[in-house]
Amino acid sequence: MKILTTKDLKKYFPIRSGVFLQVTGYVKALEKVDFEISEGETIGVVGESGCGKSTLGRTLVKIYEPTSGKITYYDPSGQTHDISKTLDKNVKSTFRKDIQMIFQNPYDSLDPRMTIRDIVLEPIETHELFTKDEKKSRDEFIRELLAKVGLHPEYARRYPHEFSGGQRQRIAIARSISVSPRLLICDEPTSALDVSVQSQIINLLKEIQQETNMAFIFISHNLDVVYHMSDRIIVMYLGNIVESAPSTELFDSSAHPYTQALMSAIPSWNPQKRKLDKIKLEGEPPSPINPPSGCPFHPRCQYRLEQCDKLKPEFTEVKEGHLCACHLYTR
Ligand code: SF4
(Lines give C-alpha, C1' and ligand atoms only; values in the text may rest on other atoms or scores of the structure.)
Protein backbone atom coordinates (compact mmCIF):
# COMPACT_ATOMS: atom_id res chain seq x y z
CA MET A 1 0.00 0.00 0.00
CA LYS A 2 1.25 3.48 -0.89
CA ILE A 3 2.14 5.93 1.90
CA LEU A 4 3.15 9.12 0.07
CA THR A 5 3.17 10.38 -3.50
CA THR A 6 4.17 13.73 -4.91
CA LYS A 7 3.19 15.38 -8.18
CA ASP A 8 5.08 18.34 -9.66
CA LEU A 9 6.51 19.16 -6.23
CA LYS A 10 8.42 22.45 -6.21
CA LYS A 11 10.29 24.17 -3.42
CA TYR A 12 11.79 27.61 -4.01
CA PHE A 13 13.46 29.59 -1.22
CA PRO A 14 13.17 33.36 -1.64
CA ILE A 15 16.34 35.45 -1.56
CA ARG A 16 15.75 38.77 0.17
CA SER A 17 17.95 41.85 0.07
CA GLY A 18 17.86 45.62 0.57
CA VAL A 19 16.45 47.63 3.47
CA PHE A 20 12.92 46.32 2.92
CA LEU A 21 14.08 42.74 2.41
CA GLN A 22 12.52 42.57 -1.01
CA VAL A 23 12.53 39.24 -2.81
CA THR A 24 15.22 39.51 -5.48
CA GLY A 25 15.37 35.90 -6.60
CA TYR A 26 14.80 32.28 -5.63
CA VAL A 27 16.93 29.26 -4.80
CA LYS A 28 15.19 26.60 -6.87
CA ALA A 29 15.75 23.61 -4.60
CA LEU A 30 13.12 21.25 -6.03
CA GLU A 31 11.78 21.32 -9.60
CA LYS A 32 8.60 19.38 -10.36
CA VAL A 33 9.48 16.23 -8.44
CA ASP A 34 7.23 13.18 -8.95
CA PHE A 35 7.82 10.51 -6.35
CA GLU A 36 6.05 7.67 -4.55
CA ILE A 37 6.82 5.27 -1.72
CA SER A 38 4.93 2.24 -0.41
CA GLU A 39 4.99 0.27 2.84
CA GLY A 40 8.12 -1.82 3.43
CA GLU A 41 10.02 -0.13 0.59
CA THR A 42 13.37 1.66 0.88
CA ILE A 43 14.11 4.41 -1.59
CA GLY A 44 17.63 5.81 -1.67
CA VAL A 45 18.14 9.42 -2.74
CA VAL A 46 21.59 10.37 -3.99
CA GLY A 47 23.33 13.35 -5.56
CA GLU A 48 25.97 16.00 -4.84
CA SER A 49 25.53 18.53 -2.01
CA GLY A 50 22.91 21.10 -2.88
CA CYS A 51 21.07 18.81 -5.34
CA GLY A 52 17.85 19.06 -3.31
CA LYS A 53 17.85 15.65 -1.59
CA SER A 54 17.57 17.01 1.96
CA THR A 55 15.01 19.60 0.83
CA LEU A 56 12.94 16.75 -0.60
CA GLY A 57 13.00 14.92 2.76
CA ARG A 58 12.12 18.05 4.73
CA THR A 59 9.33 19.02 2.33
CA LEU A 60 7.82 15.54 2.59
CA VAL A 61 7.58 15.83 6.39
CA LYS A 62 6.38 19.42 6.02
CA ILE A 63 9.31 21.05 7.79
CA TYR A 64 9.22 23.13 4.58
CA GLU A 65 5.97 24.09 2.90
CA PRO A 66 5.98 23.24 -0.81
CA THR A 67 5.97 26.21 -3.19
CA SER A 68 3.62 24.31 -5.50
CA GLY A 69 2.65 20.77 -6.42
CA LYS A 70 0.85 18.12 -4.49
CA ILE A 71 1.80 15.74 -1.66
CA THR A 72 -0.72 12.95 -1.27
CA TYR A 73 -0.78 11.02 2.00
CA TYR A 74 -2.45 7.59 2.13
CA ASP A 75 -3.69 7.07 5.68
CA PRO A 76 -3.67 3.57 7.28
CA SER A 77 -7.18 2.90 5.98
CA GLY A 78 -6.07 3.73 2.43
CA GLN A 79 -7.90 7.05 2.18
CA THR A 80 -5.99 9.79 0.37
CA HIS A 81 -5.40 13.35 1.58
CA ASP A 82 -3.74 16.31 -0.12
CA ILE A 83 -1.47 17.03 2.82
CA SER A 84 -0.51 20.52 1.60
CA LYS A 85 -4.15 21.58 1.83
CA THR A 86 -5.89 19.47 4.47
CA LEU A 87 -7.11 21.31 7.55
CA ASP A 88 -8.42 18.20 9.29
CA LYS A 89 -6.66 17.97 12.68
CA ASN A 90 -6.97 14.17 12.89
CA VAL A 91 -5.44 13.69 9.45
CA LYS A 92 -2.58 16.09 10.29
CA SER A 93 -1.94 14.29 13.57
CA THR A 94 -1.91 10.81 11.98
CA PHE A 95 0.36 12.13 9.23
CA ARG A 96 2.82 13.57 11.79
CA LYS A 97 2.87 10.26 13.66
CA ASP A 98 3.18 8.13 10.52
CA ILE A 99 6.06 10.04 8.90
CA GLN A 100 9.14 10.50 11.09
CA MET A 101 12.61 11.78 10.28
CA ILE A 102 16.14 11.33 11.62
CA PHE A 103 18.85 13.83 10.83
CA GLN A 104 22.52 13.88 9.95
CA ASN A 105 23.86 15.23 13.18
CA PRO A 106 22.88 13.33 16.34
CA TYR A 107 24.72 16.06 18.33
CA ASP A 108 22.19 18.70 17.31
CA SER A 109 18.98 16.70 17.11
CA LEU A 110 18.65 15.86 20.84
CA ASP A 111 17.76 18.46 23.49
CA PRO A 112 20.74 18.52 25.91
CA ARG A 113 18.49 19.49 28.87
CA MET A 114 16.25 16.43 28.61
CA THR A 115 16.92 12.91 29.85
CA ILE A 116 16.90 10.12 27.30
CA ARG A 117 13.62 8.91 28.80
CA ASP A 118 11.96 12.28 28.19
CA ILE A 119 13.47 12.64 24.71
CA VAL A 120 12.15 9.24 23.64
CA LEU A 121 8.78 9.75 25.35
CA GLU A 122 8.12 13.20 23.88
CA PRO A 123 6.54 12.05 20.58
CA ILE A 124 4.44 9.49 22.46
CA GLU A 125 3.13 12.20 24.79
CA THR A 126 2.47 14.52 21.84
CA HIS A 127 0.37 11.89 20.14
CA GLU A 128 -1.24 10.79 23.43
CA LEU A 129 -0.42 7.14 22.88
CA PHE A 130 -0.51 6.41 26.63
CA THR A 131 -3.27 7.19 29.10
CA LYS A 132 -2.59 9.17 32.30
CA ASP A 133 -2.26 6.22 34.70
CA GLU A 134 0.16 4.21 32.67
CA LYS A 135 3.42 5.37 34.29
CA LYS A 136 4.70 1.84 34.78
CA SER A 137 4.02 0.78 31.22
CA ARG A 138 5.78 3.94 29.97
CA ASP A 139 8.96 2.89 31.79
CA GLU A 140 8.68 -0.65 30.52
CA PHE A 141 8.12 0.68 27.03
CA ILE A 142 11.25 2.88 27.20
CA ARG A 143 13.35 -0.02 28.51
CA GLU A 144 12.19 -2.25 25.65
CA LEU A 145 12.74 0.45 23.07
CA LEU A 146 16.28 1.23 24.27
CA ALA A 147 17.09 -2.48 24.25
CA LYS A 148 15.72 -2.73 20.70
CA VAL A 149 18.14 -0.05 19.45
CA GLY A 150 21.07 -1.68 21.29
CA LEU A 151 21.26 0.62 24.33
CA HIS A 152 21.28 -0.38 27.98
CA PRO A 153 17.84 0.30 29.52
CA GLU A 154 19.54 2.09 32.45
CA TYR A 155 20.62 4.84 30.04
CA ALA A 156 17.08 6.24 30.21
CA ARG A 157 18.08 8.44 33.18
CA ARG A 158 21.13 9.97 31.51
CA TYR A 159 21.57 13.06 29.29
CA PRO A 160 22.67 13.25 25.61
CA HIS A 161 26.17 14.66 26.39
CA GLU A 162 27.03 11.36 28.14
CA PHE A 163 26.86 9.43 24.86
CA SER A 164 29.01 8.92 21.75
CA GLY A 165 27.83 9.91 18.25
CA GLY A 166 26.68 6.39 17.39
CA GLN A 167 24.77 6.06 20.69
CA ARG A 168 23.08 9.42 20.13
CA GLN A 169 21.97 8.32 16.67
CA ARG A 170 20.52 5.18 18.29
CA ILE A 171 18.63 7.43 20.73
CA ALA A 172 17.33 9.50 17.79
CA ILE A 173 16.19 6.28 16.08
CA ALA A 174 14.46 5.08 19.29
CA ARG A 175 12.64 8.42 19.51
CA SER A 176 11.51 8.23 15.86
CA ILE A 177 10.28 4.64 16.00
CA SER A 178 8.59 5.10 19.41
CA VAL A 179 5.33 6.06 17.68
CA SER A 180 5.51 3.14 15.18
CA PRO A 181 5.74 5.30 12.04
CA ARG A 182 4.98 3.82 8.62
CA LEU A 183 7.74 5.86 6.96
CA LEU A 184 11.12 6.92 8.37
CA ILE A 185 13.06 9.55 6.42
CA CYS A 186 16.78 9.19 7.16
CA ASP A 187 18.74 12.29 6.13
CA GLU A 188 22.44 11.35 5.97
CA PRO A 189 22.02 9.37 9.22
CA THR A 190 25.57 7.98 9.19
CA SER A 191 27.68 10.71 7.63
CA ALA A 192 28.66 12.32 10.97
CA LEU A 193 29.73 8.94 12.41
CA ASP A 194 32.95 6.94 12.35
CA VAL A 195 33.10 4.31 9.60
CA SER A 196 32.99 1.46 12.13
CA VAL A 197 29.80 2.86 13.69
CA GLN A 198 28.14 3.56 10.32
CA SER A 199 27.64 -0.12 9.54
CA GLN A 200 26.14 -0.75 13.02
CA ILE A 201 23.53 1.96 12.41
CA ILE A 202 22.78 0.63 8.90
CA ASN A 203 22.31 -2.88 10.32
CA LEU A 204 20.06 -1.55 13.08
CA LEU A 205 17.84 0.24 10.53
CA LYS A 206 17.66 -2.92 8.42
CA GLU A 207 16.66 -4.99 11.47
CA ILE A 208 13.93 -2.49 12.35
CA GLN A 209 12.59 -2.65 8.82
CA GLN A 210 12.52 -6.45 8.79
CA GLU A 211 10.58 -6.47 12.07
CA THR A 212 8.12 -3.71 11.27
CA ASN A 213 7.72 -3.41 7.46
CA MET A 214 8.43 0.31 7.86
CA ALA A 215 9.28 2.22 4.66
CA PHE A 216 12.51 4.23 4.50
CA ILE A 217 13.67 7.15 2.42
CA PHE A 218 17.42 6.98 2.76
CA ILE A 219 19.16 10.21 1.77
CA SER A 220 22.93 10.04 1.40
CA HIS A 221 25.84 11.15 -0.75
CA ASN A 222 27.45 7.75 -0.04
CA LEU A 223 26.44 5.51 -2.94
CA ASP A 224 27.76 2.33 -1.31
CA VAL A 225 25.60 2.87 1.79
CA VAL A 226 22.54 3.70 -0.30
CA TYR A 227 23.07 0.59 -2.44
CA HIS A 228 23.11 -1.65 0.65
CA MET A 229 19.96 -0.06 2.07
CA SER A 230 17.69 0.56 -0.89
CA ASP A 231 15.30 -1.32 -3.16
CA ARG A 232 15.19 1.59 -5.56
CA ILE A 233 17.47 4.60 -5.98
CA ILE A 234 16.65 8.02 -7.34
CA VAL A 235 19.41 10.33 -8.50
CA MET A 236 18.94 14.06 -8.11
CA TYR A 237 20.71 16.89 -9.90
CA LEU A 238 20.00 20.56 -9.31
CA GLY A 239 16.55 19.92 -7.82
CA ASN A 240 15.50 17.45 -10.53
CA ILE A 241 15.20 13.66 -10.46
CA VAL A 242 17.32 12.59 -13.41
CA GLU A 243 17.21 8.80 -12.99
CA SER A 244 15.26 6.21 -11.01
CA ALA A 245 15.85 2.46 -11.03
CA PRO A 246 16.04 -0.65 -8.83
CA SER A 247 19.38 -0.51 -6.93
CA THR A 248 21.15 -3.35 -8.71
CA GLU A 249 19.98 -2.15 -12.12
CA LEU A 250 21.23 1.39 -11.37
CA PHE A 251 24.64 0.12 -10.30
CA ASP A 252 24.99 -2.35 -13.19
CA SER A 253 23.49 -0.28 -16.02
CA SER A 254 23.14 3.38 -15.11
CA ALA A 255 21.77 5.32 -18.05
CA HIS A 256 22.06 9.04 -17.26
CA PRO A 257 25.50 10.56 -17.94
CA TYR A 258 25.45 12.21 -14.48
CA THR A 259 24.72 8.87 -12.73
CA GLN A 260 27.47 7.22 -14.79
CA ALA A 261 29.92 9.88 -13.58
CA LEU A 262 28.84 9.35 -9.94
CA MET A 263 29.23 5.57 -10.30
CA SER A 264 32.65 5.83 -11.88
CA ALA A 265 33.85 7.91 -8.90
CA ILE A 266 33.18 5.10 -6.38
CA PRO A 267 36.50 3.68 -5.21
CA SER A 268 36.62 -0.06 -5.80
CA TRP A 269 38.72 -2.83 -4.27
CA ASN A 270 38.08 -4.89 -7.39
CA PRO A 271 41.14 -4.41 -9.72
CA GLN A 272 38.98 -5.13 -12.81
CA LYS A 273 36.57 -2.37 -11.86
CA ARG A 274 39.42 -0.02 -10.97
CA LYS A 275 40.63 -0.28 -14.56
CA LEU A 276 37.36 1.19 -15.88
CA ASP A 277 37.66 4.75 -17.13
CA LYS A 278 36.75 7.38 -14.60
CA ILE A 279 34.28 9.87 -16.06
CA LYS A 280 35.43 13.32 -15.07
CA LEU A 281 32.69 15.82 -14.32
CA GLU A 282 33.53 19.22 -15.78
CA GLY A 283 33.27 22.13 -13.34
CA GLU A 284 31.00 22.63 -10.35
CA PRO A 285 27.21 22.17 -10.33
CA PRO A 286 25.56 25.38 -11.58
CA SER A 287 23.80 27.65 -9.11
CA PRO A 288 20.21 26.69 -8.23
CA ILE A 289 19.49 30.46 -8.23
CA ASN A 290 20.07 30.62 -11.96
CA PRO A 291 19.86 27.05 -13.29
CA PRO A 292 20.79 26.30 -16.92
CA SER A 293 18.08 26.15 -19.60
CA GLY A 294 17.08 22.80 -21.12
CA CYS A 295 18.73 19.81 -19.46
CA PRO A 296 20.12 21.01 -16.11
CA PHE A 297 23.21 18.83 -16.63
CA HIS A 298 24.11 20.12 -20.12
CA PRO A 299 26.98 22.47 -19.12
CA ARG A 300 28.88 19.48 -17.67
CA CYS A 301 27.76 16.69 -19.99
CA GLN A 302 30.25 15.13 -22.38
CA TYR A 303 27.44 13.66 -24.52
CA ARG A 304 25.32 16.81 -24.95
CA LEU A 305 23.31 17.07 -28.12
CA GLU A 306 22.11 20.09 -30.08
CA GLN A 307 18.75 20.28 -28.27
CA CYS A 308 20.17 19.74 -24.75
CA ASP A 309 20.53 23.45 -23.85
CA LYS A 310 17.05 24.30 -25.16
CA LEU A 311 14.73 21.44 -24.30
CA LYS A 312 14.31 19.84 -20.88
CA PRO A 313 14.24 16.02 -21.32
CA GLU A 314 11.16 14.11 -20.19
CA PHE A 315 11.39 10.96 -18.08
CA THR A 316 11.67 7.95 -20.43
CA GLU A 317 11.50 4.27 -19.53
CA VAL A 318 14.82 2.81 -20.73
CA LYS A 319 13.94 -0.61 -19.33
CA GLU A 320 11.02 -1.84 -17.24
CA GLY A 321 11.07 0.15 -13.98
CA HIS A 322 14.17 2.12 -15.05
CA LEU A 323 13.47 5.78 -15.86
CA CYS A 324 15.89 8.39 -17.10
CA ALA A 325 15.56 12.05 -18.10
CA CYS A 326 18.02 12.38 -21.00
CA HIS A 327 17.66 13.15 -24.72
CA LEU A 328 20.00 10.25 -25.54
CA TYR A 329 17.02 7.94 -24.89
CA THR A 330 14.30 9.93 -26.65
CA ARG A 331 15.84 10.09 -30.12
FE1 SF4 B 1 23.63 15.10 -21.47
FE2 SF4 B 1 21.76 15.98 -23.12
FE3 SF4 B 1 21.33 13.79 -21.67
FE4 SF4 B 1 21.40 16.18 -20.53
S5 SF4 B 1 19.90 15.47 -22.02
S6 SF4 B 1 22.38 14.36 -19.80
S7 SF4 B 1 22.97 17.21 -21.71
S8 SF4 B 1 22.86 14.06 -23.30
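Guide: Buried means under 20% relative accessible area, and exposed means over 50%. The model is predicted.

Visitor: Is L238 buried or exposed?
Guide: L238 lies in the loop between β9 (232–237) and β10 (240–246). Its relative accessible area is 6%. The cut-off for burial is under 20%. L238 therefore counts as buried.

Visitor: What is the phi of L238?
Guide: Most residues other than glycine have a negative phi. L238 is a residue other than glycine, yet its phi is positive. The value is near 50°.

Visitor: Is S180 buried or exposed?
Guide: S180 is found in the loop between α5 and β7 (183–187). S180 is not a glycine, but it has a positive phi of about 50°. Its relative accessibility is 52%. The cut-off for exposure is over 50%, so S180 counts as exposed.

Visitor: In which order do the 4 strands of the open sheet lie?
Guide: The edge strands are β2 (22–38) and β5 (80–82), and each pairs on one side only. The pairing in the sheet is antiparallel. The order is β2-β1-β4-β5.

Visitor: What does the twist average from one strand to the next?
Guide: The sheet in question is open and has 4 strands. From one strand to the next, the twist averages 25°.

Visitor: How many bridges join β1 to β4?
Guide: The two strands run antiparallel. One of the residue pairs is L4 with its bridge partner Y73 in β4. The number of bridges joining β1 to β4 is 5.

Visitor: Which residue in β5 stands opposite Y74?
Guide: β4 and β5 run antiparallel, joined by 3 bridges. They form a hairpin with 5 residues between them. In the turn, G78 has a positive phi of about 95°. Opposite Y74 stands T80.

Visitor: Is T72 buried or exposed?
Guide: T72 lies in strand β4 (residues 68–74). Leaving aside neighbours within four places in sequence, T72 is in contact with I3, L4, T5, T80 and H81. At 12% relative accessibility, below the 20% cut-off, T72 counts as buried.

Visitor: What angle does the direction of α1 make with that of β1?
Guide: Helix α1 (residues 53–60) packs on the sheet. It touches β1 (2–17), β2 and β4. Its direction makes an angle with that of β1 of about 115°.

Visitor: How many of the 8 residues of α1 are buried?
Guide: In α1, the buried residues are K53, T55, L56, G57, T59 and L60. The helix is therefore largely enclosed by the rest of the structure. The number buried is 6.

Visitor: Which residue takes a positive phi just after α1?
Guide: The phi there is about 70°. The residue just after α1 with this value is K62.

Visitor: At what angle does α2 run to β4?
Guide: Helix α2 (residues 89–98) lies across β1, β4 and β5. Relative to β4, it runs at about 85°.

Visitor: How far apart are the axes of α3 and α5?
Guide: Helix α3 (residues 116–126) and α5 pack at an angle of about 30°. I116, I119, V120, E122 and P123 in α3 meet I171, A174 and R175 in α5. The residues of this contact divide into 6 nonpolar, no polar and 2 charged. The axes are apart by 7 Å.

Visitor: Are α5 and α6 roughly parallel or antiparallel to each other?
Guide: Helix α5 (residues 165–177) and helix α6 (residues 195–212) pack at an angle of about 15°, with their axes 10 Å apart. Angles under 35 degrees count as roughly parallel. So the two helices, α5 and α6, are roughly parallel.

Visitor: How many residues of the contact of α5 with α6 are nonpolar?
Guide: G166, Q169, R170, I173 and I177 in α5 meet V197, Q200, I201, L204, L205 and I208 in α6. Of the contact residues, 3 are polar and 1 is charged. The nonpolar ones number 7.

Visitor: In what kind of crossing does α5 pass α6, left-handed or right-handed?
Guide: The packing angle of α5 and α6 is about 15°. The crossing is right-handed.

Conventions
Residues numbered from 1 in each chain as written. Predicted model: local features only at pLDDT ≥ 70, side-chain atom pairs only at ≥ 80, totals over all residues. Heavy atoms only, no water. Buried < 20%, exposed > 50% of the residue type's maximum accessible area, 1.4 Å probe, protein only. Contact = heavy atoms within 4.5 Å. Axes fitted to C-alpha atoms, helices over the stretch in contact; angles between N-to-C directions. Parallel < 35°, antiparallel > 145°, perpendicular 65-115°, else oblique. Left-handed = near helix turned anticlockwise from the far one by under 90°. Nonpolar A, V, L, I, M, F, W, Y, C, P; charged D, E, K, R; others polar. Pairing = 2+ DSSP bridges.
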